[in-house]
Each structure stands twice: as C-alpha cells, then as structure tokens.
Amino acid sequence: MNKLENIQNIEKLMESMSEFLLELKQIEAKLLKIGNESKSKELKRKIEEIENLILTNVEKLMQTKTDCINLINQLEDESERLYLLGKFINRKSNKEIADMIGYSIRNTYYIQNRAIKHFLELEKREKESIK
C-alpha cells in the first residue's frame, strides 16, 4: 500500500471511529439519565480508549500527509502536483480539481494517472535510498 492510499484509509477509519464515538457518547448520556452509573463508567472507559486511538491515528495521518506533501512537491509537472494535493491532501473531487487547474474532467483523469505513476516512482526511489 502506498502513502496516498494510506491517507485515504486512515481518513476513512477516523471518520467511522468518530461516528462510533458519537454514538457511544449518546448511549452514555442515556445511561446517566436513567441512573445506570456503573454501565456509564464502563462505557466512559471505552470512549477514552477510542479517543486515544483517534489521537494516535491523527498523528499518523499528519505524518503521512507531511511525507506525501514532500514527495508531491518533488514532482516536475505542476498540474500533477496540483492534482495530488487537491485529491489526497485537500480531499477535492476530480471536478473541483479540473475547475481549479483549468482542464476538462477527461484531461484531469489523464493527469491523475500520470501523477499517481510519477508519485509511486518517487516513493519507490525514496524507499530504495533509505535501504
């Protein structure tokens, strides 16, 4: 899995964990309301565990994004850089990116393919240079 995929996966995981956390907090409030403090304390512990897990993932996401931005900035083609920054860092749609860089959607998909290919080549070279 490459760093761009990692960003997307971590963001999806964080979104679902945040939704789950919200549901747990709502359940905790209901338990307190009906006077079930022991279950509420148990649930509060679980909520704290999930919050810590979210914080860990936020740190991981930030580091992965920083690594990606550094690699993206090494790409020679400006439209490829703009595409990857828009898509994977700023979470824009292909339509939004096309409007931003002034190309058609069709050309944006062409840029997408080139940009990802060049990014993966840079990532591979970076991994090889670390070994």
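The questions and answers below concern a predicted model.

Colleague: How are helix H2 and helix H5 oriented where their axes come within 10 Å?

Modeller: The axes of H2 (residues 37–72) and H5 (residues 105–130) come within 10 Å of each other and cross at roughly 110°. Angles of 65 to 115 degrees fall into a single class, and so H2 is, relative to H5, roughly perpendicular.

Colleague: Into which classes do the residues of the contact of H2 with H5 divide?

Modeller: From H2, the residues Cys68, Leu71 and Ile72 take part, and they meet Phe119, Leu122, Glu123 and Glu126 of H5. Sorted by class, the residues of this contact are five nonpolar, no polar and two charged.

Colleague: Against which helices do the buried residues of H1 pack?

Modeller: Helix H1 covers residues 3–33 and reaches 45 Å from its first C-alpha to its last, close to the 45 Å expected. Its buried residues include Leu4, Ile7, Ile10, Met14, Met17, Leu21, Leu24 and Leu31, but also the residues Lys3, Glu11 and Glu28. The helices against which these buried residues pack are H2, H3 and H5.

Colleague: Which backbone nitrogen does a side-chain oxygen of Asn2 reach at the start of H1?

Modeller: At the start of H1, this side-chain oxygen of Asn2 comes to within 2.8 Å of a backbone nitrogen, that of Leu4.

Just after H1, by contrast, the feature to note is a positive phi of about 85°, taken by Gly35.

Colleague: Is Glu78 buried or exposed?

Modeller: Glu78 has its place in helix H3. Its relative accessibility is 51%, and because exposed means over 50%, Glu78 counts as exposed.

Technical notes:
Residues numbered from 1 in each chain as written. Predicted model: local features only at pLDDT ≥ 70, side-chain atom pairs only at ≥ 80, totals over all residues. Heavy atoms only, no water. Axes fitted to C-alpha atoms, helices over the stretch in contact; angles between N-to-C directions. Helix = DSSP H or I, 4+ residues; strand = E, 2+ residues; numbered from the N terminus. Parallel < 35°, antiparallel > 145°, perpendicular 65-115°, else oblique. Contact = heavy atoms within 4.5 Å. Nonpolar A, V, L, I, M, F, W, Y, C, P; charged D, E, K, R; others polar. Expected span 1.5 Å × (residues − 1). Buried < 20%, exposed > 50% of the residue type's maximum accessible area, 1.4 Å probe, protein only. Polar contact = N/O pair within 3.5 Å; in protein donor to acceptor, adjacent residues only side chain to side chain.
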